[in-house]
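Me: I'd like to learn how to read salt bridges and surface patches in a protein model. Could you walk me through a case?

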Amino acid sequence: MHSHPQESAAINGRIFSISESPAIIGTHLVRQDDGPRRFFRYRVLKRGFDVLLILLSSPLLLVVFSLIAIAIRLGSPGPIFFSHRRIRRHGAFFSMWKFRTMCVNSAQVLEDYLDANPEARVEWRKTHKLRKDPRVTPVGNFLRRTSLDELPQLWNVLTGSMSLVGPRPIVAAEVEKYGPYFADYCLVKPGVTGLWQVSGRSHTSYPQRVQLDRRYAHSWSLFGDLKILVKTLFSVVNQDGAY
């Protein structure tokens, strides 16, 4: 297993480290008395649906997990899984799990690449993604294009820090990009997939992503979650916006 270095969040011009995470809630960007979690169907039925779907899929998932783990181990040195600090409901931090898709010295490789490619640094600042990411291994590239690298987040769903459907978990550096809409992001659990995933994903701008997350938080429904899950299957097969 592997984890990334500690991050910081910029909110209203002030920098917070992971250890200061309660300060994020103290900025009053999170509205504790609003959002779909006030409904029984969100707190109980949505949670039950998440767990049931994972348990029913577990025989197939075990086979897929095993094959991916072997491919990663043979493809490059390093751990099979890695965890990354992300922000969940209430503005708290949690460790989100993924299959490792990058080389072990990814931080240094990224910084060297951005220093040598100013246009890539601009792309990174806008989206926190790179179309040509030098850190990604050959096996990792396949996992990303097929979104299979996200499968370990099913463990996050089982432990309750995520849901199958919701806004994609953000890192601390992205909080400032949400601005006042960070409150809307915090109204629901982050998801393995979400409205952004089936609405263009990386082909959309970051402000569009924020508005999609906001729309989901304020118009959530169980039927809407089901539609997103079905659309996700088609998006994964077509590799829509994945890189």
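Reply: Happy to; we will go through charged pairs, a strand pair and a nonpolar patch in this predicted model.

Me: How many salt bridges does a search of the whole structure find?

Reply: Side chains of opposite charge can pair when their charged atoms come close. Here the search finds nine salt bridges. One of them joins Asp225 to Lys46, with the closest N and O atoms 2.4 Å apart. Asp225 lies in helix α10 and Lys46 in helix α2, so the pair ties together parts that are 179 residues apart in sequence. Both residues are buried.

Me: Which residues are linked in a network of salt bridges?

Reply: Lys98, Asp149, Glu150 and Arg168. Within it, Lys98 pairs with Glu150 at 3.7 Å between the closest N and O atoms, while Arg168 meets Glu150 at 2.8 Å, N to O. Lys98 counts as buried because its relative accessibility is 11%, under the 20% cut-off; Glu150, at 7%, is buried too.

Me: Where does Lys98 sit, and what stands opposite?

Reply: In a regular strand the side chains alternate between the two faces of the sheet. Lys98 is in β5, opposite Phe82. Strands β4 and β5 run antiparallel, joined by seven bridges, and six of the seven residues in β5 are buried.

Me: Which helix gives the most to the nonpolar patch?

Reply: That is α10, with five residues; α2 also supplies at least two. The patch has about 690 Å² of accessible area together, and its members include Phe49, Leu53 and Phe234. Leu53, found in α2, is partly exposed at 32%.

Key:
Residues are numbered from 1 along each chain as its sequence is written. This is a predicted model: local features need pLDDT of at least 70, side-chain atom pairs count only at pLDDT 80 or more; totals for chains, interfaces and linings use all residues. Side-chain values use heavy atoms; hydrogens and water are left out. Patches are made of residues with over 30% relative accessible area and no salt bridge: like charges are joined within 9 Å, nonpolar side chains (Val, Leu, Ile, Met, Phe, Trp, Tyr) within 5 Å. Accessible areas come from the Shrake-Rupley method with a 1.4 Å probe; for residues, only the protein chains shown count as cover. A salt bridge is a side-chain nitrogen of Lys or Arg within 4 Å of a carboxyl oxygen of Asp or Glu. Helices (H or I, at least four residues) and strands (E, at least two) are DSSP runs, numbered from the N terminus. Buried means under 20% relative accessible area, exposed over 50%, partly exposed in between (1.4 Å probe, protein chains only). Two strands pair if DSSP finds at least two bridges between them.
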